[in-house]
Amino acid sequence: MRIKIKKESCTGCRLCEQICTIWHYKEINPKKAAIAIEPHFPEPGIFEPKLCVQCGICAKECPVDAIHLEGEAYVLHADECTNCGICVEACPIDVLYTHADVPTPLKCDLCLKCTEVCNTGALTVVRRSD
Amino acid sequence: MDGFGGTTLRINLSTEEIERTPTDPELARNWLGARGFVSKILYDEVPRDADPMGPDNRFIVTTGVLTGSFCPVGSKVGFGCISPATNGHADSSMGGHLGPELRYAGYDLIVMEGIAARPSYLYIDDDTVELRPAGDYWGMGSLELEERMKKDLGEDFQIATIGPSGENGIVFSCITHDFGRQAGRCGVGAVMGSKKLKAIAVRGTKSLPAHDLESHWNLTYDILQRTKTHPNMAPWQKYGTAFFVGWSNERGCFPTKNFQETYHKDWEKIDGERLVEDCLVSDKACFGCWMNCGKYTRARIPGKPDTYQEGPEYETIALVGGSCAFTDINHVAYANYLLDNIGMDTMSGGSTVAFAMECYQRGIITKDDLEGHELRWGNIDDFEHFVGMIAERRGVGDTFALGTKGAAEILGQGTIAFASQAKGMEFSGYDTRWYPAQLLSYCTCDIGAHHSKSWTITTDIELGRDTIEGKAPVVIYLQHIRPLFDTWSCCRLFWGELDVTPEEHVESIRYLTGWDITLDECMRVSERVWNLNRAHYIERNGGPGRRFDVAPARHLDEPIPDGPAEGKVVGRENFEAMLDDYYANRGWDRNGNPTREVLEDLGIGYAADNLEKLGHLGEPIPGGIPKVRGQKLKPKAM
């Protein structure tokens with residue numbers, strides 16, 4: 001299972017950012033999301049959802065093994081994380097985020113809440129075999 | 001305070017003093033935000049003789065109780081001031097992302113006064129608030145400047161700008177954000193320009209405190225799943241408001257050639273279908289919205305550079321496309337870009353150019369006035385040249401920079417008869433001659449003619465377009481419920497189009513704030529705002545109120561020449577009878593002055609004292625005022 005991104009369908013509403021922080025932090029604060037919408041305006045005039053693809057490179061690079069493979073998601077365990085920032089640097093597509101008030105990087109754990117609120121098909125759930 | 005950013009900023013632009021205070025809980029509860037905050041602050045603070053373009057006017061940037069929340073859709077930010085177009089209360093809002101960003105930076109309300117000594121912009125990065133020099137930005141187009149500031153400050157700043165139009169004080173200047181969202185009406189961009197404020201840039205990283213977040217988000221989550229399959233969802237997602245171009249033409253209310261006609265025979269060349277087929281680049285949504293009515297487009301015209309813009313939306317297609325008689329959607333989209341970038345409201349801007357085109361048609365202005373150019377219906381080159389004349393106030397452009405009413409007063413020759421405006425602000429994109437309630441709505445509207453405060457085309461159809469019976473109480477109800485969304489500072493389309501009820505919005509407010517608030521209380525706030533704005537208007541402009549509720553002669557006397565509404569006209573007797581009915585249902589006297597009884601009932605007895613001193617307090621109504629003012633016709637209206 002993974003989240004498929006269809007960027008041409010993204011409208012930049014950022015509901016995915018909203019629900020991500022409400023679900024994980026019980027807060028209204030899209031800046032704490034593990035997903036970000038990157039606008040490209042005025043040209044070419046599209047939005048680009050930037051989200052972890054669960055490649056696992058961050059887990060390999062983590063010096064304290066705080067990122068565990070659980071099912072199909074690499075999950076960051078806050079109680080083990082030292083916030084050294086190595087995973088953020090190591091991410092090849094720059095989708096591990098940070099926030100000054102959160103003591104660990106913000107990483108997608110494949111909870112799929114963003115796919116439940118996306119109404120345009122920009123974020124959908126697919127099985128690995130699809 | 002749950003549900004609020006918590007801080008109010010007071011900025012004196014002349015002295016560059018910046019003061020932070022906790023947002024006043026009483027102001028929040030009694031006025032709810034945005035339009036409500038603007039109403040109260042302007043009434044309390046602006047001297048009645050203050051020049052709208054002078055230092056004593058306030059320029060207010062404000063959010064409302066739902067901004068940035070998870071309620072559908074708290075995307076809005078409001079701007080307020082005394083309008084240079086109407087000389088009364090102005091509130092104008094826009095979606096996008098700026099309002100939520102302000103709340104995440106911790107601010108509910110920013111009140112500015114004075115005039116900056118040099119071109120400046122307001123920079124907010126969480127707790128850092130600075131007035132920064134904007135000399136390099138002065139003169140730039142609105143859209144070009146947003147692109148430049150994103151490069152200078154970072155993509156994660158939300159930015160609002162004005163263009164040359166706002167710098168030069170054109171009374172229908174707008175404020176632009178998110179490459180195509182506008183606070184368009186009332187000339188808020190002109191007042192921002194008069195303050196020498198070129199832009200506002202905001203970044204916020206804080207959390208918006210919520211009283212009961214789980215209930216707040218569960219409610220919205222249920223609404224979201226329910227509305228995904230609503231029958232209106234698909235057309236709104238595909239076409240946005242442009243969907244209504246055909247609808248209006250078929251009903252004979254589409255402004256054509258400056259409201260000379262109400263049916264555009266080539267409407268299919270400028271409707272939503274053409275827009276999507278010929279110009280669409282991407283669908284674009286405001287913050288937190290799953291209906292994405294924004295259409296980001298590219299206009300392609302041989303011999304001109306391609307332009308990117310959001311829209312045109314229905315109002316622009318009506319008042320630029322129809323009213324200036326364009327027959328190519330690329331020309332309407334290009335005109336949309338021109339007005340957006342130069343910083344003019346496409347509604348009043350389109351209407352003002354259309355008014356000038358009629359003046360040209362009638363020989364009232366000629367090529368001699370137009371630097372040798374013409375001003376022909378549907379000609380994009382003529383349109384572009386004339387907009388430039390207005391923006392730079394060159395020659396006769398300086399006259400039209402005052403809007404249709406101001407221009408008509410200078411031009412004379414009976415032009416006021418075909419200036420489709422009320423209180424100095426141009427009509428929205430719906431003709432009124434077969435829609436008397438819409439005419440009443442425009443002419444009694446507290447910010448000047450604007451459909452957003454009361455849109456009654458479907459009401460007129462349901463109650464009968466050839467009658468005035470029963471219209472006034474429904475207009476009053478709509479003038480309370482519709483602006484309530486501007487007070488909550490959220491989009492009204494989920495109510496109007498997707499059947500999300502006002503009660504659900506109030507439930508969301510309860511979860512967010514912890515208040516035991518009801519819809520009835522919110523409606524009372526909305527009526528309080530309406531009455532305070534009326535008192536304020538009379539205090540600034542003199543009385544009696546009735547002399548300002550005036551309809552343009554065209555809409556009273558001139559039958560529609562052809563199309564589905566051929567021969568229709570409201571008539572003076574009908575209009576005056578509707579006004580009588582309207583005042584009686586509002587608890588105002590026959591002169592259109594609010595009575596002490598109604599003002600005290602709404603908790604603003606101080607406005608009665610002020611009106612009394614000026615001799616414009618309404619005479620007591622024999623038998624008393626109606627206990628309930630306004631009457632709901634049906635569960636929803638757009």
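Visitor: Which residue lies over the face of B:Y123?

Guide: In this predicted model, a charge counts as sitting over a ring if NZ of Lys or CZ of Arg is within 6 Å of the ring centre and within 35 degrees of the ring normal. At B:Y123 the distance from the ring centre is 3.5 Å, and the residue that lies over the face of this ring is B:R132.

Visitor: And which residue lies over the face of A:F41?

Guide: A:F41 belongs to the loop between strand 2 (35-40) and strand 3 (46-51) of chain A, and its relative accessibility of 11% makes it count as buried. At 5.5 Å from the centre of its ring, the residue lying over the face is B:K284.

Visitor: How many aromatic pairs does a search of the whole structure find, and how is the pair of A:F41 and B:Y296 classed?

Guide: Over all chains, the search finds 35 aromatic pairs. For A:F41 and B:Y296 the ring centres are 4.7 Å apart and the planes stand at 75°, and since planes over 60 degrees apart fall in that class, the pair is edge-to-face.

Visitor: Where in the two chains do the partners of that pair lie, and is B:Y296 buried or exposed?

Guide: The pair crosses between chains, with A:F41 in the loop between strand 2 and strand 3 of chain A and B:Y296 in strand 14 (residues 294-299) of chain B. The relative accessible area of B:Y296 is 1%, and as the cut-off for burial is under 20%, B:Y296 is buried.

Visitor: How many residues apart in sequence are the parts that the pair of B:Y537 and B:F548 ties together?

Guide: The ring centres of B:Y537 and B:F548 are 5.1 Å apart with their planes at 80°, so this pair is edge-to-face. B:Y537 counts as buried at 9% relative accessibility, and B:F548 is buried with a relative accessible area of 15%. Because B:Y537 lies in helix 22 of chain B and B:F548 in the loop between helix 22 and helix 23 (553-557), the parts tied together are apart in sequence by 11 residues.

Visitor: What is the relative accessibility of B:G545, and which residues is it in contact with beyond its neighbours in sequence?

Guide: B:G545 lies in the loop between helix 22 and helix 23 of chain B, where it counts as buried with a relative accessibility of 0%. Leaving aside neighbours within four places in sequence, the residues in contact with B:G545 are B:R534, B:I538, B:N591, B:G592 and B:N593.

Visitor: Which element gives the largest share of the largest nonpolar core?

Guide: This core holds 240 residues, of which B:F79, B:F383, B:F400 and B:W488 touch the most other members. With 10 residues, the largest share comes from helix 19 (residues 471-488) of chain B.

Visitor: Another core lies apart from it; how many residues does that core have?

Guide: Among the members of this other core are B:Y123, B:A134, B:Y137 and B:M140.

Visitor: On which side of helix 26 of chain B do its buried residues lie, and what covers them?

Guide: In helix 26 (residues 605-614) of chain B, the buried residues are B:G605, B:A607, B:A608 and B:L611. They cover an arc of only 145° around the axis, which puts them on the same side of the helix. What covers them includes three helices of chain B, namely helix 2 (34-45), helix 22 (519-541) and helix 25 (596-601).

Visitor: What radius of gyration does chain A have?

Guide: Chain A has 4 helices and 6 strands, which run β-α-β-β-α-β-β-α-α-β from the N terminus on. For its 130 residues the globule rule gives 14 Å, so chain A is as compact as a globular protein of that length, with a radius of gyration of 14 Å.

Visitor: What radius of gyration does chain B have, and what percentage of its residues count as buried?

Guide: Chain B has 26 helices and 17 strands. A compact globule of 638 residues would have a radius of gyration near 26 Å, and the value for chain B, which agrees, is 23 Å. Of the 638 residues of chain B, the part that counts as buried is 67%.

Methods: Residues numbered from 1 in each chain as written. Chains lettered and ligands numbered in written order. Predicted model: local features only at pLDDT ≥ 70, side-chain atom pairs only at ≥ 80, totals over all residues. Heavy atoms only, no water. Buried < 20%, exposed > 50% of the residue type's maximum accessible area, 1.4 Å probe, protein only. Arc of directions from axis to C-beta. Contact = heavy atoms within 4.5 Å. Phe/Tyr/Trp six-rings, centres within 6.5 Å; stacked < 30°, edge-to-face > 60°. Core = buried A, V, L, I, M, F, W, Y, C linked by side-chain atoms within 4.5 Å. Rg over C-alpha atoms; globule rule 2.2 N^0.38 Å.
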